[in-house]
Amino acid sequence: MTKTDLMVKELVDKYGNKRESLLPILQGVYDLEHFVSDEAMVSIARNLDLSSADVYGKSTFYSFLDTIPRGKFVIRVCKTIVCDMHDKNQIVDTLENILKIKVGETTLNRKFSLLYTNCLGWCHKGPAMLVNDDVYTDLTPESIREIITDYKNRE
Ligand code: FES
């Protein structure tokens, strides 16, 4: 049994092997590996008696279930209109300068990925971004530097 099969088996034991278990299992894989690999999708399909196409369809439907390997900390900057009007570009420029990557890329040490996302529901406090599950609002270049320094110091 491969490492991926073992991981999937543990998640199936935890969430069950019914169709409705698919999303929590995919989320569990994402939490552990920071993306959902082809190998994991095939293993999940086998365990839940679903087609690989079913699992792939679900994995690619939700933007938070990335199927591309990402960094440990995935930064998602809101690109929707209100944050855009609140100088989202300045926030992105600051992040790109600090991390030395462009939007869509991952740092060489696999610690950070920088992505865009749609409205996070914090328009009244834009510009806003997520780092994994944590929301940051009222962003400025100064607050971005503090936030990224904090994450750089995390294991
Ligand atoms: S437009 Fe950015 S949080 Fe809504």
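Helices (H or I, at least four residues) and strands (E, at least two) are DSSP runs, numbered from the N terminus. By that definition, the loop between α5 (81-85) and α6 (88-99) contains Asp 87. The model described here is predicted, so local features need pLDDT of at least 70 and side-chain atom pairs count only at pLDDT 80 or more, while totals for chains, interfaces and linings use all residues. Residues are numbered from 1 along each chain as its sequence is written, and side-chain values use heavy atoms, with hydrogens and water left out.

**Overall architecture**

- The chain has seven helices and four strands, and along the sequence these follow the pattern α-α-α-α-β-α-α-β-β-β-α.
- The C-alpha trace of the chain spans about 50 × 30 × 20 Å along its principal axes.
- Of the 155 residues in the chain, 41% are buried (buried means under 20% relative accessible area, exposed over 50%, and partly exposed in between, with a 1.4 Å probe and protein chains only).
- Where contacts in the chain join residues at least 6 apart in sequence, 61% of them join residues at least 24 apart (contact means heavy atoms within 4.5 Å).

**Helices α1 and α3**

- Helix α1 (residues 3-15) and helix α3 (residues 38-48) have axes that come within 9 Å and cross at roughly 45° (axes are lines fitted to C-alpha atoms, for helices over the stretch in contact, and angles run from 0 to 180 degrees between N-to-C directions).
- The two helices α1 and α3 are therefore oblique to each other (angles under 35 degrees count as roughly parallel, over 145 as roughly antiparallel, 65 to 115 as roughly perpendicular and the rest as oblique).
- The crossing in which α1 passes α3 is right-handed (a crossing is left-handed if the near helix is turned anticlockwise from the far one by less than a right angle, and right-handed if clockwise).
- From α1, the residues Thr 4, Asp 5, Val 8 and Val 12 meet Glu 39, Ala 40, Ser 43, Ile 44, Arg 46, Asn 47 and Leu 48 of α3.
- The residues of this contact between α1 and α3 divide into five nonpolar, three polar and three charged (Ala, Val, Leu, Ile, Met, Phe, Trp, Tyr, Cys and Pro count as nonpolar, Asp, Glu, Lys and Arg as charged, and the others, Gly among them, as polar).
- Buried residues in α3 are Ala 40, Met 41, Ser 43, Ile 44, Ala 45 and Leu 48, and the buried residues of this helix pack against α1, α2 (22-33) and α4 (52-61).
- After α3 comes Asp 49, whose phi is positive, near 55°.

**Ser 59 in helix α4**

- Ser 59 is located in helix α4 and is buried, with a relative accessible area of 0%.
- Apart from its neighbours within four places in sequence, Ser 59 is in contact with Leu 26, Val 36, Met 41, Leu 65 and Thr 67.
- Ser 59 and Leu 23 lie 36 residues apart in sequence, and their C-alpha atoms are 8.3 Å apart in space.

**Aromatic pairs**

- Rings of Phe, Tyr and Trp (its six-membered ring) pair if their centres lie within 6.5 Å; planes under 30 degrees apart count as stacked, over 60 as edge-to-face and the rest as tilted. By this rule there are four aromatic pairs.
- The pair of Phe 73 and Phe 112 is tilted, at 5.8 Å centre to centre and with 40° between the planes.
- This pair links distant parts of the chain, with Phe 73 in strand β1 (residues 73-78) and Phe 112 in strand β2 (residues 112-117), 39 residues apart.
- Phe 73 and Phe 112 are buried.
- Phe 73 and Tyr 151 have ring centres 4.8 Å apart and planes at 65°, so this pair is edge-to-face.
- The pair again links distant parts of the chain, since Phe 73 is in strand β1 and Tyr 151 in helix α7 (residues 141-152), 78 residues apart.
- Ring pairs link Phe 73, Phe 112, Tyr 136 and Tyr 151 into a cluster.

**Backbone features in loops**

- The peptide bond from Gly 126 to Pro 127 is cis, with omega near 0°, and Pro 127 is found in the loop between β2 and β3 (129-131).
- Asp 87 has a positive phi, near 65°, in a residue other than glycine, and is partly exposed, with a relative accessible area of 39%.
- Lys 100, in the loop between α6 and β2, has a positive phi of about 60° although it is not a glycine.
- Lys 100 counts as exposed, at 69% relative accessibility.
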